[in-house]
Each structure stands twice: as C-alpha cells, then as structure tokens.
Amino acid sequence: MRLKKIKWLNIVLIIGIVIVLFTPVGRYARAFAGKWIASGSAMVKRELQMGVDNYNWQLVNIEGKNFNFEEARNKVVLVNFWATWCPPCIAEMPTLQSLYHDYGDKIVFMCVAQDKSDKVAAFISKKGYDLPVYFSKTEAPSLLSAKLLPTTYIIDRQGKIMIAETGSADWNSAEVRTILDGLLQE
C-alpha cells in the first residue's frame, strides 16, 4: 500500500515538473515568481562607470521605421534587451511600462527585442504595452552587449553607463525614479 502511494506521488510530481517546464502555464508561473524576487537596481560605482564610445547602432522599430542610436546621444537613455520567451523579461515588463508612462517624454526608452518581430508584435498587442520596441539591424556597441536576458542599461547624458542590471528588476521603484530624476537634473 505504501509503495503505491509513493508511485502516485512520483507521477504527480513528474507531471507538475513537466507542466512548469514545458507549457505556457509554467511560463506564466515562472514570470509570476520572477515578479516576487525582482531586485532593485543600483548605480554602477563611479570608478566602474564606462562611457559608450560608439553610437553607431542601427535599429528598426516594431512599425518598421529606422532608428539610429546616434539620435540618443546627449540624452538619458534606458536600453532593455528582452525576449517574449524569457520569463524574467515578462516579469519586469509591467514595471518598465509604468516607468515609461511617467518618463517616456523625458528619456529615450529602447526595448530591444531578441525575438521574431511577429511574436513580439503579438505579445505587445496582447499585453496592451506601448513601449518603444526595436530590433537590431547592426551589432550593438560593445559596452551594451547582452549575453543574458533581460539586461538593462541606464545611460546618462555624457554617455556613461549609470546602471547595468542583468535579471528581472523593479524598474518602477522609488530608487530608479530618484536616479532618473538626478540624471535629468544634470
């Protein structure tokens, strides 16, 4: 009798693991968990702040309009590398959207998708986001390379990377808003 209970428990456990790993239900569960463990963002130490030296980066937005990163020179910029298949990206997207609503006219937002344009368009539409989404046509500047997703950079007017965050973060936090307000005052 006890052996049968253990077998059933193992079967239920395996089914649960399969659901979490291989179904959309699991993707949303991982995104939900990511929201709960999202960290805050901290400024890069002054001695480690590096300047973006190359603004030659060609992108195209979700509507097909070309954008040159050079247009963001001398502005405060938030660059977020993400993908629709990335649970931590999905988890932080609502906080980016909220921040965009309040700062979209003050800083340059660039959500650079690492995914196919049709999937991204469907995702953005389904979620009701109006974030500016781009796709790289040329390679990003070396200082803005993203090996892991999500990766987000906040760059000041002088081109220095003030925040470099990999993993899910709460971009709508008071801490981030204070940092952005300070950068906008410079």
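**Talking through the fold and its aromatic rings**

Biologist: In what order do the elements run from the N terminus on?

Modeller: Helices (H or I, at least four residues) and strands (E, at least two) are DSSP runs, numbered from the N terminus. The protein has five helices and seven strands. From the N terminus on, the order is α-α-β-β-β-α-β-α-β-β-β-α.

Biologist: And what am I looking at here?

Modeller: This is a predicted model with residues numbered from 1 along each chain as its sequence is written. Local features need pLDDT of at least 70 and side-chain atom pairs count only at pLDDT 80 or more, while totals for chains, interfaces and linings use all residues, and side-chain values use heavy atoms, with hydrogens and water left out.

Biologist: Which residues of α5 make the contact with α3?

Modeller: The axes of α3 (residues 87–103) and α5 (residues 174–185) come within 12 Å and cross at roughly 30 degrees; axes are lines fitted to C-alpha atoms, for helices over the stretch in contact, and angles run from 0 to 180 degrees between N-to-C directions. Contact means heavy atoms within 4.5 Å. On the α3 side, Ser98, Leu99, Asp102 and Tyr103 take part. On the α5 side, the residues are Val176, Arg177, Leu180, Asp181 and Leu184.

Biologist: Now the rings: how do tryptophan 57 and phenylalanine 81 pair?

Modeller: Rings of Phe, Tyr and Trp (its six-membered ring) pair if their centres lie within 6.5 Å; planes under 30 degrees apart count as stacked, over 60 as edge-to-face and the rest as tilted. By this rule the count comes to eight aromatic pairs. For tryptophan 57 and phenylalanine 81, the centres are 6.0 Å apart and the planes at 25 degrees, so the pair is stacked.

Biologist: How many residues apart are phenylalanine 81 and tyrosine 153, the next pair?

Modeller: Their ring centres are 6.4 Å apart with planes at 85 degrees, so this pair is edge-to-face. Phenylalanine 81 is in strand β3 and tyrosine 153 in strand β6 (residues 151–155), so the pair links distant parts of the chain. The separation is 72 residues.

Biologist: Is tyrosine 153 buried or exposed?

Modeller: Buried means under 20% relative accessible area, exposed over 50%, partly exposed in between (1.4 Å probe, protein chains only). Phenylalanine 81, at 4% relative accessibility, counts as buried. Tyrosine 153 has 7% relative accessibility, so it counts as buried.

Biologist: Which residues form one aromatic cluster?

Modeller: Tryptophan 57 pairs with phenylalanine 81, and phenylalanine 81 pairs with tyrosine 153. The cluster is formed by Tyr55, Trp57, Phe69, Phe81 and Tyr153.
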